[in-house]
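Here is a short briefing on one protein chain. Please keep the sequence and the model in view while reading.

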Amino acid sequence: MISPRHFFTEKLLEWNREMNTRNMPWKGEKNPYRIWLSEIILQQTRVEQGWPYYERFIQNYPTVTKLAAAPEEEVFRLWQGLGYYARCKNMLAAARQITNLHHGKFPDQYEEIKALKGIGPYTAAAIASFAFNLPYAVLDGNVFRVLSRYFGIETPIDSTAGKKQFDTLAQELLPEGASSEYNQSIMDFGAVVCKPQQPLCADCPLRKKCVALHNQLVPLLPIKTKKLKIKKRYFNYLLVNYKEEIFIRKRTDSDIWQNLHEFILIETPAPSDITAIQSSEAFRQLFGNITFEIDRVSAPFKQQLTHQTIHSQFISITLKKRPDLPGYMLVARNSLNNYAFPKTITTFLESNHLQLF
Ligand code: SF4
């Protein structure tokens, strides 16, 4: 009798050849640079949202060498709207690594690929298998779900033991010489058949030997231990106008939105009204005794990140004298388009058409 493992691989590949109609724009792509770009852009981003970005990147930087040579500010502007800016920063660093260490040729060995900035085991396995058909199993959310359900594995997928167990199993299931096809099949299968909600068990080619199905475990698997803790932050942005210019700075701390620009920021632990902000120590430190006028205060803005909710308000202020603000620079208000800002600020700028200045 065929073992559950053989049954799994055989049925999965059969499903892929005969029934898989999932149409993804990058399917069949063999160019490692393009695969890498699509993987980085599509991390935590929906295909419909990420795909136009991928096309713009390919158009502007058709090779990894072109990307490596691009000015950082230009690349960040092209990325604007995708969020998770650390991805963009790492992507640029990796392009430069490839140019400097590999003479512009994308590495074709798993360990060398994994050594590139911002590339973890999943992305390295995807590039190694899709571009070079190397025997490395991908392990993403879809794969965890399919394996945990079919094999009835109750070890939490976010525990060290779970990661090791799933990693070993995924690697053992990889059919010789067909890693590219197998990886694509299992990811597609998890996306369209063994879905997070309402999986298509009734028509599933794996149903005969699926442990979760036969033990009423489908809605319970996969198991996760950690619940995501979301932190709330309150950003009060001061739009400080001086003549035709406005103060901005580049965020350089190891925090969200690194390398993006912002207005003068006073962060408070809770929502604050304008009276509390202008009498705060932070405000006094910024402006000392300079006379000012509060012009307008915006409606609240909200941006949801994976681990944080950012609540922002924008306060337009006119000062009678130019303050000395270390770390900030004065730029022409009509030149703001030249700078990359986080989404919450671009949304504010677009929605107000600069009327708050
Ligand atoms: S039977 Fe259902 S739970 Fe099991 S592999 Fe198929 S779709 Fe997933």
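Asn133 comes directly after helix α8 and has a positive phi, near 55°. This is a predicted model.

**Helix α8**
- α8 runs over residues 121–132, 12 residues in total.
- From first C-alpha to last, α8 reaches 16 Å, close to the 16 Å expected at 1.5 Å a residue.
- Nine of the 12 residues are buried, so α8 is largely enclosed by the rest of the structure.
- The buried residues include Thr123, Ile127, Ser129 and Phe130. Ala124, Ala125, Ala126, Ala128 and Ala131 are also among them.
- Those buried residues pack against α2 (32–42), α7 (110–114) and α11 (179–192).

**Two domains**
- The domain assignment gives domain 1 (4–220) and domain 2 (231–352).
- Their C-alpha centres lie 38 Å apart.
- Nine residues of domain 1 are in contact with 12 residues of domain 2.

**The interface**
- The two domains bury about 940 Å² between them, with 48% of it on carbon and sulfur atoms.
- Glu73, Gln80 and Tyr85 supply 46% of the area that domain 1 buries against domain 2, more than any other three residues.
- Two salt bridges are found across the interface of domain 1 and domain 2.
- Glu73 and Lys250 meet through their side chains in a salt bridge (4.0 Å, N to O).
- Three residue pairs are in polar contact between domain 1 and domain 2.
- On the side of domain 1 that touches domain 2, α5 (72–79) and α6 (85–102) are the elements that give two or more residues. α5 gives the most to that side, with four residues.

Notes:
Residues are numbered from 1 along each chain as its sequence is written. This is a predicted model: local features need pLDDT of at least 70, side-chain atom pairs count only at pLDDT 80 or more; totals for chains, interfaces and linings use all residues. Side-chain values use heavy atoms; hydrogens and water are left out. The expected span of a helix is 1.5 Å times one less than its number of residues. Buried means under 20% relative accessible area, exposed over 50%, partly exposed in between (1.4 Å probe, protein chains only). Contact means heavy atoms within 4.5 Å. Domain bounds come from an automatic or database domain assignment. Buried area is the accessible area (1.4 Å probe) that two parts lose on being put together, summed over both. A polar contact is a pair of N or O atoms within 3.5 Å; within protein, one must be able to donate a hydrogen and the other to accept it, and residues adjacent in sequence count only if both atoms are side-chain atoms.
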